Amino acid sequence: MSTPVPPLRYLLGYPPALVDPARTLLAQGRLGAAVLARHPQPHAARTDRALGDYVQQMKAEFMRSAPPLDKVVYDGQLERVRQALGTHTAVSRVQGARLKAKREIRIATVFREAPADMLRMIVAHELAHLKEREHDKRFYALCEHMAPGYHQLEFDTRLWLTALELEVPPAGPDAAPGQRDGLG
Ligand SMILES: [Zn+2]
């Protein structure tokens, strides 16, 4: 019998051909390193202000006609599993006698430490929701436009989150990160 592996909840709905190699790497303690080897570049948006600038720049480049954003923040309250891909909300607030819609983008704090590619993916996802509510063909076309290779980036992000949550790194000096990428 093989080693029992917990269910990989970030990877639900992906085919075994993609999930099984990840499962193997995870069991070997090498999944996180394998993913990071493909996305070595960090990002500089470490604060809410820097994140806000980053999002506004991307919006100005790709989504100029979308409604303006009132707030962009990292949110440590976002529950990783259910909401790792961020939230997109139009919060209704009573202001005097009027109801004002307030557009916010909240990015899970875990993305502060994510590779640049993954931040771009998550921001593209949230910006696309300014125009498309559903995860449909038009939505993903927008994502792909803002973050080329979007689907692979989203999958890699899910692998990375899986590793963050479940991976126990191998002990010993031979376990340098990024040695091999068995994902193919
Ligand atoms: Zn979404």
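These are my notebook entries on a predicted model of one chain.

**Ground rules**

I number residues from 1 along each chain, as its sequence is written. Since I'm working from a predicted model, local features need pLDDT of at least 70 and side-chain atom pairs count only at pLDDT 80 or more, while totals for chains, interfaces and linings use all residues.

**Confidence**

I looked up pLDDT, the predictor's confidence in each residue, from 0 to 100. The chain's mean is 83, with 77% of residues at 70 or more. I noted residues 178–184, where the pLDDT is below 50. That stretch still has 15 contacts in the model beyond near neighbours in sequence. For me, a contact is two residues whose C-beta atoms, placed from the backbone, lie within 7 Å.

**Overall layout**

I took helices (H or I, at least four residues) and strands (E, at least two) as DSSP runs, numbered from the N terminus. I find 7 helices and 3 strands. Starting at the N terminus, the order reads α-α-α-β-α-β-β-α-α-α. Of contacts between residues at least 6 apart in sequence, 69% join residues at least 24 apart.

For burial, I count other C-beta atoms (placed from the backbone) within 10 Å of a residue's own: 20 or more is buried, 12 or fewer is exposed, and in between is partly exposed. By that count, 27% of the 184 residues are buried.

**Helix α2**

Is α2 largely enclosed or open? It is largely enclosed by the rest of the structure, because 6 of its 8 residues are buried. I list them as L31, G32, A33, A34, V35 and L36. Their cover includes α1 and α7.

**α2 against α7**

I then checked how α2 (residues 31–38) meets α7 (residues 150–166): the axes come within 8 Å and cross at roughly 145°. Axes here are lines fitted to C-alpha atoms, for helices over the stretch in contact, and angles run from 0 to 180 degrees between N-to-C directions. The crossing is left-handed, that is, the near helix is turned anticlockwise from the far one by less than a right angle. From α2 the contact uses L31, G32, V35 and R38, and from α7 it uses D156, L159, W160, T162, A163 and L164. I sort these into 6 nonpolar, 2 polar and 2 charged residues. In this sorting Ala, Val, Leu, Ile, Met, Phe, Trp, Tyr, Cys and Pro are nonpolar, Asp, Glu, Lys and Arg are charged, and the others, Gly among them, are polar.

**Two residues of α7**

L164 sits in α7. It counts as partly exposed because it has 17 C-beta neighbours inside 10 Å. Beyond four places in sequence, L164 contacts G32 and V110. V110 is 54 residues from L164 in sequence but 9.4 Å away, C-alpha to C-alpha.

H151 is also in α7. With 12 C-beta neighbours inside 10 Å, H151 counts as exposed.

**The largest nonpolar core**

A nonpolar core is a set of buried Ala, Val, Leu, Ile, Met, Phe, Trp, Tyr and Cys residues joined through C-beta atoms within 7 Å. Which residues touch the most other members of the largest one? I find L31, M118 and A124, out of 36 residues. Elements giving two or more residues include α1 (16–27), α3 (48–62) and β3 (98–108). α5 gives the most, with 8 residues. Leaving out residues up to four places away in sequence, A124 touches C143, M146, A147 and Y150.
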